[in-house]
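Let's go through this one by question and answer, with the model open beside us.

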Amino acid sequence: MSGYRFERLKILVVDDNAHMRKLVAAILRAFGVLDIYEAADGERAWTLLREAQPDVIVLDWMLEGMSGLDFTVKLRTSAETPNPFVPIIMLTGHTHIDRVRQARDAGVNEFLAKPVSVNALLSRLISVIEHPRPYVRTKSYFGPCRRRRIADQYGGPERRAMAEATTVE
């Protein structure tokens with residue numbers, strides 16, 4: 001379909017709607033993904049994160065108990081997280097700009113609106129694989145760099161000081 005070979009990827013799909021999980025899993029299988037794990041809530045996703053060690057997580061915002069946003073923060077910041085660097089694609093119907101910013105500020109790598117299209121999911125999957133953003137750690141944030149473009153020559157007042165943030169590769 002895309003020229004990519006996804007058969008070695010392990011993907012965790014987290015959504016409280018069983019039909020949406022099955023739809024996303026079917027799309028991923030069509031891409032060639034063989035190892036797909038499904039969870040209906042954040043607690044089960046946390047267990048599968050430790051057991052399956054997925055390469056990518058496709059995560060809904062609205063979940064029973066722990067929201068997708070809470071899950072993201074826990075994944076990025078908890079001392080018990082098995083992999084704070086795993087890419088997260090948030091797939092949600094809550095697409096207001098404030099929600100997109102909240103997801104970004106929690107550490108989500110990519111944001112995708114429901115209803116999902118095959119091309120949009122493929123695009124986000126390729127993006128987290130081919131164009132991974134460096135991870136940044138500050139006093140109040142850990143996750144992928146929130147800036148999409150890095151201007152090497154920019155020297156304005158918003159430029160981060162090297163002592164304030166460190167990039168983790």
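Q: How many helices and strands does the secondary structure of the chain come to?
A: Keep in mind that this is a predicted model. From the N terminus on, the elements run β-α-β-α-β-α-β-α-β-α-β-β-β. Tally that up and the chain comes to five helices and eight strands.

Q: Are α1 and α5 roughly parallel or roughly perpendicular?
A: Two packed helices are described by the angle between their axes and the distance between the axes. Here the axes of α1 (residues 18-31) and α5 (residues 118-130) come within 11 Å and cross at roughly 65°. Angles of 65 to 115 degrees count as roughly perpendicular, so α1 is, relative to α5, roughly perpendicular.

Q: Which elements give two or more residues to the largest nonpolar core?
A: This core has 24 residues, and those touching the most other members are Phe 6, Ile 11, Val 24, Leu 28, Phe 31, Leu 121 and Leu 125. Leaving out residues up to four places away in sequence, Val 24 touches Val 13, Val 58, Leu 91 and Leu 121. The elements giving two or more residues are β1 (10-14), α1, β3 (56-59), β4 (88-92) and α5.

Technical notes. Residues are numbered from 1 along each chain as its sequence is written. This is a predicted model: local features need pLDDT of at least 70, side-chain atom pairs count only at pLDDT 80 or more; totals for chains, interfaces and linings use all residues. Side-chain values use heavy atoms; hydrogens and water are left out. Axes are lines fitted to C-alpha atoms, for helices over the stretch in contact, and angles run from 0 to 180 degrees between N-to-C directions. Helices (H or I, at least four residues) and strands (E, at least two) are DSSP runs, numbered from the N terminus. Angles under 35 degrees count as roughly parallel, over 145 as roughly antiparallel, 65 to 115 as roughly perpendicular and the rest as oblique. A nonpolar core is a set of buried Ala, Val, Leu, Ile, Met, Phe, Trp, Tyr and Cys residues joined through side-chain atoms within 4.5 Å. Buried means under 20% relative accessible area, exposed over 50%, partly exposed in between (1.4 Å probe, protein chains only). Contact means heavy atoms within 4.5 Å.
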